[in-house]
Amino acid sequence: MSELSELHRDALSELFNLGVGRAAHSLSQMVRDEIELSAPFVDVIQAHEVSAVLIGSEFRELSMVTIDFEGPFVSKAILLFPERNALAILSNMLDPDLTPEEVSEFEQEAMCEIGNVILNACMSALADEFGIELYGSLPKHYFSDTDSLPIFVGGNAEQRLLLLQIQLTMRQQLIQGHLVFLMGVGSLLDLRNCLDAYLDRLGMR
Amino acid sequence: MDIELGAQLIDSLQVGLILLDHEGRVVSWNGWMKRHSGLGLADVAGRRLAELFPEVSGSRLESSISDTLRFKLSSMLAPNLNPNLLPLYHRAADRQRDQRMYQLIYVTPLRHDHCACLIQIHDMTSALRRERRLRAQSTRLIESSYQDPLTGVGNRRRFDQDLAQRFRQAKDRQRSIALLMIDVDNFKAYNDHFGHQGGDACLIQVARTLRDGLRRDGDRVSRYGGEEFAILLADTDGPSACAIAERLRLTIEQLNLPHPAAPGIGRVSISVGIAAMVPSDEQFCHILVAQADLALYSAKDAGRNCCMWYDPATSGARALSKCNSDRGQGADKPFTSEPLRGALADTLA
């Protein structure tokens, strides 16, 4: 069963792209260099499908940042990059004289903030357009591999994942990652209600 | 807990606390903030951070605060990505030097009628300074692990790394790279005559003279082993490399270091083998070393205190005068050392 129609997904995609566009602006300011971000597609999958869908088997080491959001719907938002891509982002953002080892020492802290910027921008775009408040926690950073994504395990079969591919371009380098919003079926329906109200207001439904 | 105790606790914390109301105006400002900003609650109460500190306008801190006030989102601002955001000072003396504190900032929402946003500021200055010191130290250690302890020039590890890196760059950019292999002539006899300490002093002087004789930034002398030195020259073709080699050979000769045990001039001298190439895709860096080696041993065979260059046209070494004239026009028979040519052929294969 798909809880979100194509129209819902299009609307979400548009809102998230609005969000990542703002995030790109903030990140560009931070590094004083042009950074582009886009989230080309939104999909809804079940928790047990995640490993297969997410990254495939190509990259096993993951660098991820999570933030819990709580409002009309509840969601754990996750920004997730293959470890290699995360280091590529950071080596562009931090002091260029740092060695790769030093970059990885700063990874937890810097990824936390980058994840914070991107996830908050997405959620604030939703909150803004829906006219709601979403209490957000501080970001947490994890290392993981695709086999043991602890965040996805232990959830029940009712868990749904809103999955976005995210593309970050900096210094002519395209870096791919994923945005995942982990939510129960109940919360997904609440999100759908928010989307319906938003679409109604725009006269699109 | 009574209010008085609460206030004392907040003022005693070793972390900066700012409370903002729903409009983003300062409601509370603890003792730590007063100590490190020089402003007391009376100076800041009822005002927005951007009014107090113009640098906050348009900053990520301002947008974080706005996200918290409007949507209840939380943010963290790491010191490495947002250095010295607020005019706070680790020590009072830092203010005169305008050395701001490194700050780790958390912005979180509050569920309260009057207070909407809590800002916590941690002083990361000591940690970051320590980090810098450690990094500087590790840089120095890395430097020393690439240095020949006797002569102070690069060691073999330095050379091997430079060779791999510069050869790859030359290949990528299709630019010429040259290598000079240098050997101190009759060094064993020198050592036998002056003892090992005398030999060490000689090597130090030769190494420094070679180093000081290089004029371009980035060109580096490395001790290849024993009394052999190597110099890699990026963006340098054969004739230029020959000119540099000959200049260095003369400089060493003109040091006038007595070498009574040497046949001939009675002074310390060097032999130099030169190779240069624009590497093709299928060539490896060892070829350059093998070619320079071949030229060096040819120079030794030719009587020492001279430079020889590797001529790819004949796969043999030639005396220097031929390097600058038309290739292949030389009437002289190219100087080749048969066993070395065999070794080179093996390397090339």
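Which residues is S74(B) in contact with, leaving aside its neighbours within four places in sequence? Contact here means heavy atoms within 4.5 Å. By that criterion, S74(B) is in contact with N116(A), N120(A), G136(A), S137(A) and L138(A), and also with V107(B), T108(B) and P109(B). S74(B) lies in the loop between α5 and β3 of chain B. Helices (H or I, at least four residues) and strands (E, at least two) are DSSP runs, numbered from the N terminus. S74(B) is buried, with a relative accessible area of 2%; buried means under 20% relative accessible area, exposed over 50%, and partly exposed in between, with a 1.4 Å probe and protein chains only.

The structure is a predicted model, in which local features need pLDDT of at least 70 and side-chain atom pairs count only at pLDDT 80 or more, whereas totals for chains, interfaces and linings use all residues. Residues are numbered from 1 along each chain as its sequence is written, chains are lettered from A and ligands numbered from 1 in the order in which they are written, and side-chain values use heavy atoms, with hydrogens and water left out.

The account continues with the sheet of chain B. Five strands of chain B form an open, antiparallel sheet in the order β2-β1-β5-β4-β3; two strands pair if DSSP finds at least two bridges between them. At the edges stand β2 (26-29) and β3 (75-77) of chain B, each with a single partner strand, so one side of each is left without a neighbour in the sheet. From one strand to the next, the twist averages 15 degrees. Helix α5 (residues 60-71) of chain B packs on this sheet, where it touches β1, β3, β4 (103-109) and β5 of chain B, and its direction makes about 20 degrees with that of β4(B). Axes are lines fitted to C-alpha atoms, for helices over the stretch in contact, and angles run from 0 to 180 degrees between N-to-C directions.

Strands of a sheet pair through backbone hydrogen bonds, either parallel or antiparallel. Strand β1 (residues 16-21) of chain B runs antiparallel to strand β5 (residues 115-123) of chain B, and six bridges join them. Within this pairing, L17(B) stands opposite Q120(B), and G16(B) has I121(B) as its bridge partner. β5(B) also pairs with β4(B), in the antiparallel sense and over seven bridges. There, H122(B) in β5(B) stands opposite L104(B). β4(B) and β5(B) form a hairpin, with five residues between them.

Elsewhere in chain B, helix α8 (residues 156-173) has 18 residues and reaches 25 Å from its first C-alpha to its last, close to the 26 Å expected at 1.5 Å a residue. The expected span of a helix is 1.5 Å times one less than its number of residues. Strand β9 of chain B contains G273(B), which is buried with a relative accessible area of 0%. Leaving aside its neighbours within four places in sequence, G273(B) is in contact with L179(B), L180(B), M181(B), A292(B), A295(B), L296(B) and M308(B). G273(B) and V289(B) are 16 residues apart in sequence, and their C-alpha atoms are 9.6 Å apart in space.

Chain A has six helices and eight strands. From the N terminus on, its elements run α-β-β-α-β-β-α-α-α-β-β-β-β-α. Of the 205 residues in chain A, 55% are buried. Among contacts in chain A with a separation of 6 or more, 74% come from residues 24 or more positions apart.

Helix α6 (residues 185-201) of chain A has 17 residues, which should span 24 Å at 1.5 Å a residue; its end C-alpha atoms are 24 Å apart, which agrees. Buried residues in α6(A) include V185(A), L188(A), L191(A), C194(A), L195(A) and Y198(A). Their cover includes α1 (6-31), β2 (42-46), β4 (74-82), α5 (107-130), β7 (160-170) and β8 (173-183) of chain A. After α6(A) comes G203(A), whose phi is positive, near 70 degrees.

Two packed helices are described by the angle between their axes and the distance between the axes. α1(A) and α6(A) pack at an angle of about 85 degrees, with their axes 10 Å apart. They are therefore roughly perpendicular to each other; angles under 35 degrees count as roughly parallel, over 145 as roughly antiparallel, 65 to 115 as roughly perpendicular and the rest as oblique. L7(A), H8(A), A11(A), L12(A) and L15(A) in α1(A) meet L191(A), R192(A), L195(A), D196(A), Y198(A) and L199(A) in α6(A).
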